[in-house]
Number of protein chains: 2
Amino acid sequence: MTTSDTDLPALWTHEPHTHLEFKPGSSVTGIDPDATPGFVGSKRDAPVLQAERNIRFAELQEMLYANSRAGDTRSLLLVLQGMDTAGKGGIVKHVVGAGNPQGIDYASFGKPTEEELAHHYLWRIRNALPAAGHIGVFDRSHYEDVLIVRVHNLVPPEVWGARYDEINAFEKELVEGGTKIVKVAMFVSLDEQKKRLAERLERPDKFWKYNPADIDERLLWPKYQEAYQVMLDRTSTDYAPWHVIPCNRKWYSRLAILELLIEALKEFNFAWPPPDFDVKAEKKRLARA
Amino acid sequence: MTTSDTDLPALWTHEPHTHLEFKPGSSVTGIDPDATPGFVGSKRDAPVLQAERNIRFAELQEMLYANSRAGDTRSLLLVLQGMDTAGKGGIVKHVVGAGNPQGIDYASFGKPTEEELAHHYLWRIRNALPAAGHIGVFDRSHYEDVLIVRVHNLVPPEVWGARYDEINAFEKELVEGGTKIVKVAMFVSLDEQKKRLAERLERPDKFWKYNPADIDERLLWPKYQEAYQVMLDRTSTDYAPWHVIPCNRKWYSRLAILELLIEALKEFNFAWPPPDFDVKAEKKRLARA
């Protein structure tokens, strides 16, 4: 196993981040959720490719974990944001799920509890940060505090307005502390969302995923578009850029985010940690034991 | 998808717990770590069977999780104990790893930290219990407090001696609170352990798993056998029985523990939770939204 940069599957024209990184000045209304940027294969290619890259992801995760056991404190944080049905849960299940639970720190951020509301909005976020050598997954995140909170004015505008800079400072601190952050904004179309919500209302095994409040949020789509635009404009930094993921095709969004995670893990440039014991001496001890 | 009891694969002669539950009065020295009790297939059957049953496990996990979203507070706790190299890590990676990270609460219990030592030994255990609807995995557990602690007399005998009853009371409280406990004691032979430790000393990608202290513990094998015997004798209860897993064949131990988890999840007898909203009315709202 190596961490070479040459193992990008041929079905990607370039490393996915080059296609997916949010470009300053671009507009969310110009995003085509049906697109498959950078990928020249089709849905038929997806299962085999995903299975192969899941294995690569798991290998790299193990190497990250192994290094933490040898004292390295770095970690990875995947931040998932997107409207309902964009496929955040599918990423957790089918992409992150390829990893070893031993090194996955999953956290979801729904409506804050009373205890959470009694603290700074980043309190619950800080409590859920990944341990050294782990991959953290935020299913929704601190960005809720400039999305739903902004759309509904749950706090005064001057309060949420100050959060963009605060979040940038917070993330800078994380990155400087050794946490690589992969932020993905998942975009599904209004029509596709309708289909996916309708499916949840058709299938008894999906009822539990349906929440009547999803429709209330859906009706605020333009306001959310605006909130996403400002979020992307103001919190895409060189140390923690946003990636824009078209999500109407689940197979594409999964492959794309999987590849972003692999890229990020490779950037650590880890090798297997050297032994912190005398291998020969231990072999002798073992032979006698 | 159903939760019928008739889906046991034909390669198992009986539900695995009937073969694997610790039988009062039986001796750990009589355990054959090479055995494959109850399984009439071979290693060649394992990959396909494991893949199939991993899917079944994931379906049942989703149903447990779904019910918690509808207010059910039950959970499952897998307790893994075994000597070094018995394969605990493999169970986490290859069996628990088949589940959705969203509903897995993994915790490992190594040498206690200073903060942990400043508390009751069950403090760190209670802090790591699975949330409602989740599957908790203890990679080592409170049983360390009657295993390594007993073997090394890290606390006076009257202190560890009192823990068996305490643990039984603790687990009773958990079970009464809705947590189903699956306890597995994983047995590897001395010879097989030697092989596995040797492999860790041969392969640079395995050095990080090797710890010189493993040999010190290996030299105390008879004392550990005794500690395991007393643990099994005194903490096998009708509400939280121990299972004895022969682990020289990794493919068997994984299939066996996977099946124990499936059995336990089936015992919850869950169905998909009914909608807590008016399906027809929501369909109308969605059509207009």
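This is a predicted model: local features need pLDDT of at least 70, side-chain atom pairs count only at pLDDT 80 or more; totals for chains, interfaces and linings use all residues.
Visitor: What volume does the second largest pocket have?
Guide: The second largest pocket has about 300 Å³. Lining it are 17 residues, and the closest to its centre are A:Lys180, A:Ile181, A:Pro241, A:Ala264 and A:Glu267.

Visitor: Which elements of chain A each supply at least two residues of that lining?
Guide: Among them are β4 (179-187) and α12 (250-267).

Visitor: And how do the lining residues divide into nonpolar, polar and charged?
Guide: Eight are nonpolar, four are polar and five are charged.

Visitor: Lys180 of chain A, then. Which ring does A:Lys180 lie over?
Guide: A:Lys180 lies over the face of A:Phe268, 5.2 Å from the ring centre. In chain B, B:Lys180 lies over the face of B:Phe268, at 5.2 Å from the ring centre.

Visitor: New topic. How many aromatic pairs are there over all chains?
Guide: The count is 22. One of them joins A:Phe187 and A:Tyr228 edge-to-face, with 5.6 Å centre to centre and 65° between the planes.

Visitor: Where in the chain are those two?
Guide: A:Phe187 is in strand β4 and A:Tyr228 in helix α11 (residues 221-235), 41 residues apart.

Visitor: Why does A:Phe187 count as buried?
Guide: Because its relative accessible area is 8%, and buried means under 20%. A:Tyr228 is buried too, at 4%.

Visitor: What about B:Tyr143 and B:Trp242?
Guide: They form an edge-to-face pair, 4.7 Å centre to centre with 65° between the planes. B:Tyr143 is in the loop between β3 (135-139) and α6 (148-151), while B:Trp242 is in strand β5 (residues 242-246), 99 residues apart. Both are buried.

Visitor: Which residues do ring pairs link into a cluster?
Guide: A:Trp12, A:Phe39, A:Trp251 and A:Tyr252.

Technical notes
Residues are numbered from 1 along each chain as its sequence is written. Chains are lettered from A and ligands numbered from 1 in the order in which they are written. Side-chain values use heavy atoms; hydrogens and water are left out. On a 1 Å grid over the protein atoms alone, a cavity is a set of points where a 1.4 Å probe fits but cannot get out, and a pocket is an open set with protein on both sides within 12 Å along at least five of seven lines; lining residues have an atom within 4 Å of a point. Grid points are joined across faces, edges and corners, and a volume is the space filled by probe spheres set on the points. Helices (H or I, at least four residues) and strands (E, at least two) are DSSP runs, numbered from the N terminus. Ala, Val, Leu, Ile, Met, Phe, Trp, Tyr, Cys and Pro count as nonpolar, Asp, Glu, Lys and Arg as charged, and the others, Gly among them, as polar. Rings of Phe, Tyr and Trp (its six-membered ring) pair if their centres lie within 6.5 Å; planes under 30 degrees apart count as stacked, over 60 as edge-to-face and the rest as tilted. Buried means under 20% relative accessible area, exposed over 50%, partly exposed in between (1.4 Å probe, protein chains only). A charge sits over a ring if NZ of Lys or CZ of Arg is within 6 Å of the ring centre and within 35 degrees of the ring normal.
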